[in-house]
Amino acid sequence: MFQLNKTIISEEILEKEFVCNLSACKGACCVDGDAGAPLDEAETKILAEIYPKIKPFLRPEGIAAIETQGTHTVSEFGELETPLIDGKDCAYVIFDKDTALCGIEQAYNEGLVDWKKPVSCHLYPIRVKEYSDFSAVNYHKWHICSDACELGKELGVPVYKFVKEALVRKFGEEWYSELEKIAADFKK
């Protein structure tokens, strides 16, 4: 672990390699698991605001889940999350043949909204846990991403480089530049 400003970072994001391999996993992270994508308070407001614009991209069952549960839910632990369809798929998931994609991101790609998707999704396989004095930045290993780990290794792409855009979105350009310096020293 090392500290960068108000973040405590696992060295695994420098050591591990990762590149999403949608052709292999088919977007399993959007349909597997037992919880929705983590959200922060600001993101819940964004979801409520943009829902009418993303609704046309969603599946009927996703719309039904959102209209029953809301554009976000609160877990039994008090954590904000995206709603699920029958406790499985994210309510915002859509499919291109047999590959799960994000309906929010589809609306973003078509220029209808200016918010790409929840930052927790964008950051994956990095998970950020907020504490009162700092943020913990950790690598999350999930068996469904074994193909992404293999592809990352084959291409030589460390986790922090794969999620650069998301890290900049979360922590800023200056923070990411400092992370790159730390990574360069780490390799020595």
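**Strands, helices and the whole chain**

User: Which residue is the bridge partner of leucine 4 in β2?
Analyst: This is a predicted model, in which local features need pLDDT of at least 70 and side-chain atom pairs count only at pLDDT 80 or more, while totals for chains, interfaces and linings use all residues. Residues are numbered from 1 along each chain as its sequence is written, and side-chain values use heavy atoms, with hydrogens and water left out. Strands are DSSP runs (E, at least two residues), as helices are (H or I, at least four), numbered from the N terminus, and two strands pair if DSSP finds at least two bridges between them. In β2, leucine 4 has as its bridge partner threonine 7.

User: How many bridges join β1 to β2, and how do the two strands run?
Analyst: Strand β2 covers residues 7-9, and β1 covers 2-4. The two strands run antiparallel, and the number of bridges joining them is 3.

User: What is the order of the strands in the open sheet?
Analyst: The sheet has 4 strands with mixed pairing. Its edge strands, each pairing on one side only, are β1 and β9 (126-130). From end to end, the order is β1-β2-β10-β9.

User: Which residue in the turn between β7 and β8 has a positive phi?
Analyst: Strands β7 (residues 93-96) and β8 (residues 99-102) run antiparallel and are joined by 4 bridges, with aspartate 96 standing opposite threonine 99. They form a hairpin with 2 residues between them, and the one with a positive phi, of about 60 degrees, is lysine 97.

User: Are α9 and α10 parallel or oblique to each other?
Analyst: Two packed helices are described by the angle between their axes and the distance between the axes. Here α9 and α10 (residues 173-187) pack at about 125 degrees with their axes 7 Å apart, where axes are lines fitted to C-alpha atoms, for helices over the stretch in contact, and angles run from 0 to 180 degrees between N-to-C directions. Angles under 35 degrees count as roughly parallel, over 145 as roughly antiparallel, 65 to 115 as roughly perpendicular and the rest as oblique. The two helices, α9 and α10, are therefore oblique.
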